[in-house]
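The stops below are given in the order in which to select them.

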Amino acid sequence: MTVNELIKKVFFIEILQGLALTLKHLFKPAVTIQYPAERKEPFAGSRGLHALVRDSGTGREKCVGCGLCAAMCPSQCIHIYTSEGDDHKKVVDRYEIEVLRCVYCAFCVEACPYGAIVLTDHFEYSGYSREEFYYTKERLLENWDKYMAGNKGKEYLERFWRPRAVDFATPAPAKKEERAKQ
Amino acid sequence: MNNSNSDNNPAIATKELTLNMGPQHPATHGVLRLVLDLNGETIVKCTPYVGYLHRGVEKLAENRNYMQILPLTDRLDYISAMSNNLGYCVAVEKLFDIELPERTEYIRTIVGELSRIVNHLLWLATHALDIGAMTVFLYCFREREKILDLFERLCGARLTVSYPRIGGLKNDVDAQWLEDLYAFTDEFPMRVEQYETLINKNRIWLRRTKGIGVISAEEAINWGLSGPTLRGSGVPYDVRKVTSYGVYDKVKWEVCTGKNGDIYDRYRVRMDEFGQSTSIIRQCIEQIPQGPIMADAPKFTLPAKDKVLTDMEHLIHHFVLITKGPQTAPEGELYVSTEVPKGELGFFFVSDGTGKPYRMRVRSPSFVHVSALPRLCEGEFVADIIANIGSIDIVLGECDR
Ligand code: SF4
Ligand code: SF4
């Protein structure tokens, strides 16, 4: 053991270095958020509670009851019951999502050919019974009014209802200069 | 190491004590149960029992089509869900023989390496906490949070991301995201230095990790170890180098290895991988080309939404693909492995040509590593078990599946 090492050992140099680091952090602003009091806004497109899109024209759901979302759902938690309406049109009688079984993969959004279902960014929901998590068509439409009000819903579908033709487009020439500036 | 007192005094009988550790034990990183036969403080025999987190992922997969299996893979190793998704997609793409666009490969490499950093941060945090260093735990979570935020911006979820798709990705990255990620890689090496200041030379850390849980290179190979656990013993084996996926052949990086195969070396390998991953991400961001993100494989990928809305053919195709799964899967068997943060994750498919796999088997690194735990622990002290479990980096979700 060299003298240097001995000094380091006797005076706890490496421990002091660590303590100096933690001491420095003591005077820095905290990085944590005091959750119930302070809240962090979820980012756009966060995958939370579902909502059924309300057609602004008719005021009813956009869903036509094709059942693709139910077929795609990996946890099979979407239940759709339809019947024949007056003019032989398909009517969605019940549209129910068992939210407790959902894994929030957003495959239902991807599967829907009509843009009739979205995942909102609302994630803080709780309840005392299972029934509260059994979302019916009416409650899902309410979710749309509550969490996707205004332009938000339209923007959501524009950005996150995928895939789009541009995703398959042929490659454009690489924009090297864009990256080079970094 | 028999208690010398009782050895001298034949009137006091001694026998081995059987101790049950787990399944509910914070330091077993999940629900691992170990039955320990102890002689004083020394472990005579260690028997791991797994299966407390068994959810039947492999069986579930037989009843889902190839697209629907993806969220199941999130829940294997829930700490690095992104890597599992990638591993699954790479395997299925090999099965279907899909050629990926270049941009997709770059983005996949970036998110794969981010996932490696997330995993190693969580590993370092909990490993250090197990051994007694609380501060590292908090500092690691600070950086992990930043990456999880990036994940959330990218795909809407923090942990169970389900981001890649067969033949592509859920959505493209935007320039701002790449810019922010680049800024993160600027400051991250400094953070790693901070962790190292805290524990690298700390005498308690060294005493707890150096020369403990030693496994030689040959034995490590024989036990089937992989990933940093294998590289800690000095075997430069990395699936990213030996097979081709992502753009690992287009960026400069090295395989990090240790020498002694003890807990400290395994720790060093993972710490070095922080640097390698950061450098891979930076190079990828610098080189990433413009272009499509979905492969041109209409039989296996969902058609574009704009086409579905306007074109009958695409709409029919959309319906068939979702209700029945990809109908033209080739028949046969295939094993494909990728390097996830914990080691080698392999998917084995038996395909009968329908939209669902006839059998899907997952070769998970955690399961293999747990099997080597008795070899690492026996003959050492009880306290070293915790350090050993930490050093092989297991997650029981992946082990039990
Ligand atoms: S998010 Fe996924 S699991 Fe939940 S309802 Fe939609 S498809 Fe099913
Ligand atoms: S896929 Fe869309 S339109 Fe079809 S049932 Fe589901 S929500 Fe309704």
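Helices (H or I, at least four residues) and strands (E, at least two residues) are DSSP runs, numbered from the N terminus. This is a predicted model, in which local features need pLDDT of at least 70, side-chain atom pairs count only at pLDDT 80 or more, and totals for chains, interfaces and linings use all residues. Residues are numbered from 1 along each chain as its sequence is written, and chains are lettered from A and ligands numbered from 1 in the order in which they are written.

Select Tyr163(B), which sits in the loop between α6 (134–155) and β4 (164–165) of chain B. Tyr163(B) counts as buried because 24 other C-beta atoms lie within 10 Å (buried: 20 or more other C-beta atoms within 10 Å of its own; exposed: 12 or fewer; partly exposed: in between; C-beta atoms are placed from the backbone). Leaving out residues up to four places away in sequence, its contacts include Met82(B), Val111(B) and Leu169(B) (contact: C-beta atoms, placed from the backbone, within 7 Å).

Next, select the open sheet of chain B, 3 strands in the order β1-β2-β3 with antiparallel pairing (two strands pair if DSSP finds at least two bridges between them). Its edge strands, β1 (17–21) and β3 (42–49), each pair on one side only. Between β1(B) and β2 (residues 33–39) of chain B there are 5 bridges; Leu19(B) has Leu36(B) as its bridge partner.

Move to chain A, where β2 (residues 78–84) and β3 (residues 90–98) pair in the antiparallel sense over 7 bridges. Ile78(A) is bridged to Ile97(A). The hairpin has 5 residues between the strands, and His88(A) takes a positive phi near 60°.

Key. Contact = placed C-beta atoms within 7 Å.
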